Amino acid sequence: MRGMGSLGLVAVGLAVGMAATMFYFGQPRPAAAASNDRFQDYIMATGAVSVNPRVQTDGVWLLDYKAGKLLGTVIDRTQGKIVGWAEVDLTTEFGLKAQQDVHFMMTTGYVTQGQSALYLSETSTGQFGVYTMGPGANGNGIVIRRHDMTKFRQQVAAQPQVGVPPAAPLPGAGAAIPGLPDPSTPNKMP
């Protein structure tokens, strides 16, 4: 008899555990995903955009190196269509010169329920900006808003080394680069 009671308790425990597991994993959970990818001269990232507080909307950010533009759009879930493109001229925004060698990094992050921010950094100049997308004036279209722009480091100009005489150029060559060993002298171990 005693064995039957123990077996009954084990069976009840298993049944309660399975029911609790099914209840926990059976609850619907909102999908929240952010992603980024890059290919050659383009970077793409996604994140939530609050166009209508009652309807979750996915936003798409696209950085176009060739055009020097940051583009953004949202997907209209009711129609399954893209709602036009908003754009920011990054050469003006970051004070970049034409054909300047730049290196952008970007990702999205959670700001508040249904709204992500885009974190955009240009590593050559050490600049960092924070952007969001939202509805345009009177609810028409989409706009990109910059919330902050700062520097995460200062650009350092090349300083001549103190106490190092300038190297003499090779015959027929341009001037030597300060701080680099003179190629006309053999390498010697100290």
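Q: Which side chain meets Glu-93 in a salt bridge?
A: In this predicted model, Glu-93 belongs to helix 2 (residues 90-93). Its partner sits in strand 10, 53 residues apart, so the pair links distant parts of the chain. The N to O distance is 2.8 Å, within the 4 Å cut-off. The partner is Arg-146.

Q: Is Arg-146 buried, partly exposed or exposed?
A: The relative accessible area of Arg-146 is 48%. Buried means under 20% and exposed means over 50%, so this value falls in between. Arg-146 is partly exposed.

Q: Which strands are the edge strands of the open sheet of 4 strands?
A: The sheet has the order 7-8-9-10, with antiparallel pairing. An edge strand pairs on one side only. The edge strands are strand 7 (104-112) and strand 10 (142-151).

Q: Which residue of strand 10 stands opposite Gly-134?
A: Strand 9 (residues 127-135) pairs with strand 10 in the antiparallel sense. That pairing runs over 9 bridges. Opposite Gly-134 stands Val-143.

Q: What is the bridge partner of Trp-61 in strand 4?
A: Strand 3 (residues 55-64) and strand 4 (residues 69-76) run antiparallel. They are joined by 6 bridges. The partner of Trp-61 is Gly-72.

Q: Which residue takes a positive phi in the hairpin of strand 3 and strand 4?
A: This hairpin has 4 residues between the strands. The phi in question is near 70 degrees. The residue is Gly-68.

Q: Where is the partner of Lys-66 in its salt bridge?
A: Lys-66 lies in the loop between strand 3 and strand 4. Its salt bridge is with Asp-41, the closest N and O atoms being 3.9 Å apart. Lys-66 counts as exposed at 65% relative accessibility, whereas Asp-41 is partly exposed at 29%. Asp-41 is in the loop between strand 1 (35-39) and strand 2 (42-52).

Definitions and conventions. Residues numbered from 1 in each chain as written. Predicted model: local features only at pLDDT ≥ 70, side-chain atom pairs only at ≥ 80, totals over all residues. Heavy atoms only, no water. Pairing = 2+ DSSP bridges. Helix = DSSP H or I, 4+ residues; strand = E, 2+ residues; numbered from the N terminus. Buried < 20%, exposed > 50% of the residue type's maximum accessible area, 1.4 Å probe, protein only.
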